[in-house]
Amino acid sequence: MKTLFVDTFYWVALINVADSWHQTVRNYSRNLNNIKLVTTEEVLIETINFFASFPSPMKKAVFRLITQVIADQNITIISQSHESFTGGLELFSQRFDKGYSLTDCISMVTMNQLNITEVLTHDKHFQQEGFIILFKQS
């Protein structure tokens, strides 16, 4: 079974109808049968944090999305740990010339550990690290 990593970009676009990628991501999500998804707790935290200043209805929608993700048997969520933090921090320290967030670094380290090459994102930082981004700017 094919495995894809899910970046914050995907969760944000999926839930936010005002996001320019919303419809593209929704359409793509309909074709994820027989595909295993992997994300991290750090990505889910970043997703929630993205919506921190949004009105309450959006925060409730994000809460529902995250609880659905947690309950979904086809989505594996990698737990936060001291090791994931320090692994991401190590990659961060090697990429001061890039604009990588710590969450992206943790995601990249996780993807390498799990031999995942494709990521549901349009973030070129993943491409710079040799991963295949599945959403590209036109």
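**Before you start**

The model is predicted, with local features requiring pLDDT of at least 70, side-chain atom pairs counted only at pLDDT 80 or more, and totals for chains, interfaces and linings using all residues. Residues are numbered from 1 along each chain as its sequence is written, and side-chain values use heavy atoms, with hydrogens and water left out. Helices (H or I, at least four residues) and strands (E, at least two) are DSSP runs numbered from the N terminus.

**Stop 1: the core**

Select Y10, W11, V25 and L37. These are the residues with the most contacts inside the largest nonpolar core, which has 37 residues. A nonpolar core here is a set of buried Ala, Val, Leu, Ile, Met, Phe, Trp, Tyr and Cys residues joined through side-chain atoms within 4.5 Å. Buried means under 20% relative accessible area, exposed over 50%, and partly exposed in between (1.4 Å probe, protein chains only).

β1 (2–6), α1, β2 (35–40), α3, α4 (56–71), α6 (102–113) and β4 (118–120) each supply at least two residues.

**Stop 2: W11 and L65**

Keep W11 on screen. Which residues is W11 in contact with, leaving aside its neighbours within four places in sequence? They are V6, T39, V43, L44, T47, L65, V69 and I75. Contact means heavy atoms within 4.5 Å.

Move to L65, in helix α4. L65 counts as buried, at 9% relative accessibility. With neighbours within four places again set aside, L65 is in contact with W11, L14 and I15.

**Stop 3**

Two packed helices are described by the angle between their axes and the distance between the axes. Axes are lines fitted to C-alpha atoms, for helices over the stretch in contact, and angles run from 0 to 180 degrees between N-to-C directions.

Show α1 (residues 8–15) and α3 (residues 41–50). They pack at about 40°, with axes 9 Å apart. That makes α1 oblique to α3. The cut-offs are under 35 degrees for roughly parallel, over 145 for roughly antiparallel, 65 to 115 for roughly perpendicular, and oblique for the rest.

α1 passes α3 in a right-handed crossing. A crossing is left-handed if the near helix is turned anticlockwise from the far one by less than a right angle, and right-handed if clockwise.

Select the contact: T8, W11 and V12 of α1, with V43, L44, E46, T47 and F50 of α3. Its residues divide into five nonpolar, two polar and one charged. In this scheme Ala, Val, Leu, Ile, Met, Phe, Trp, Tyr, Cys and Pro count as nonpolar, Asp, Glu, Lys and Arg as charged, and the others, Gly among them, as polar.

**Stop 4: α3 against α4**

The angle is about 165°, and the axes are 10 Å apart. α3 and α4 are therefore roughly antiparallel to each other. α3 passes α4 in a right-handed crossing. Select L44, T47 and I48 of α3, then V62, I66 and V69 of α4: they make the contact. By class, this contact has five nonpolar, one polar and no charged residues.

**Stop 5: α3 against α6**

The axes of α3 and α6 come within 9 Å and cross at roughly 150°. That makes α3 roughly antiparallel to α6. Is the crossing of α3 past α6 left-handed or right-handed? It is left-handed. E42, V43 and E46 in α3 meet T103, I106 and S107 in α6. The contact has two nonpolar, two polar and two charged residues.

Stay in α3 and pick E41. E41 is partly exposed, with a relative accessible area of 29%. Not counting residues up to four places away in sequence, E41 touches I77, I78, S79 and Q80.

**Stop 6: asparagines in loops**

Go to the loop between α2 (22–29) and β2, and select N33. N33 is exposed, with a relative accessible area of 61%. Its C-alpha lies 10.0 Å from that of K2, 31 residues away along the chain.

N34 is in the loop between α2 and β2 too. Its phi is near 60°, a positive value in a residue other than glycine. N34 counts as exposed, at 63% relative accessibility.

Last, select N115, in the loop between α6 and β4. Phi of N115 is near 55°, positive in a residue other than glycine. N115 is exposed, at 68% relative accessible area.
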